[in-house]
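Here is a short briefing to read alongside the model. Have the viewer open and follow the points one by one.

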Amino acid sequence: PAGRLATSARRRILIVEDNADACATLADILATEGHEVTCAPDGRAGLALALDESWDVIVCDIGLPGLDGLALMRSLRARQDGARPYAVALTGYGQPDDEARGLAAGFDRYLVKPVGAGALLALVAEAPAA
């Protein structure tokens, strides 16, 4: 089936998450499916990695130390030319205006924690391959 084929595509994924346990769990879920995963512990490190390498998907928390996820995504989108990674906000901020701000900053999807493994993998599978 087509769905099965879509999930088998290997993606380069950057996770920007300051909670080490949450980051490790997300990385394990994605790596188990064969994806290549890199973690950044804060917004500045995440932005540097996002600009320095090419990614298929960026999963980014909003509440980050130093540089929050909204500022990270605005900076990334402003400096990108050509390839545009599929960006997923994964956050505890769940008010309606939070999602609007996330999408306006350049995120493609906005998810409120907790997010199940199946939902996350489905999102990664629908990301366009770079």
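Leu70, Met73, Arg74 and Arg77 of α4 meet Arg101, Gly102 and Ala105 of α5, where contact means heavy atoms within 4.5 Å. This is a predicted model, in which local features need pLDDT of at least 70, side-chain atom pairs count only at pLDDT 80 or more, and totals for chains, interfaces and linings use all residues. Residues are numbered from 1 along each chain as its sequence is written, and side-chain values use heavy atoms, with hydrogens and water left out.

**Helix packing**
- Helix α4 spans residues 69-79 and helix α5 residues 96-105, and they pack at an angle of about 25 degrees with axes 8 Å apart.
- Angles under 35 degrees count as roughly parallel, so α4 and α5 are roughly parallel to each other.

**Charged side chains**
- The structure holds 10 salt bridges (a side-chain nitrogen of Lys or Arg within 4 Å of a carboxyl oxygen of Asp or Glu).
- Arg10 lies in the loop between α1 (2-7) and β1 (12-16) and Glu36 in strand β2 (residues 36-40), so the pair ties together parts 26 residues apart in sequence.
- Arg12 lies over the face of Trp55, 4.4 Å from the ring centre; the rule asks for CZ of Arg within 6 Å of the ring centre and within 35 degrees of the ring normal.

**Backbone**
- Most peptide bonds are trans.
- The bond from Lys113 to Pro114 is cis, with omega near -5 degrees.
- Pro114 sits in the loop between β5 (109-112) and α6 (117-126).

Conventions
Axes are lines fitted to C-alpha atoms, for helices over the stretch in contact, and angles run from 0 to 180 degrees between N-to-C directions. Helices (H or I, at least four residues) and strands (E, at least two) are DSSP runs, numbered from the N terminus. Angles under 35 degrees count as roughly parallel, over 145 as roughly antiparallel, 65 to 115 as roughly perpendicular and the rest as oblique.
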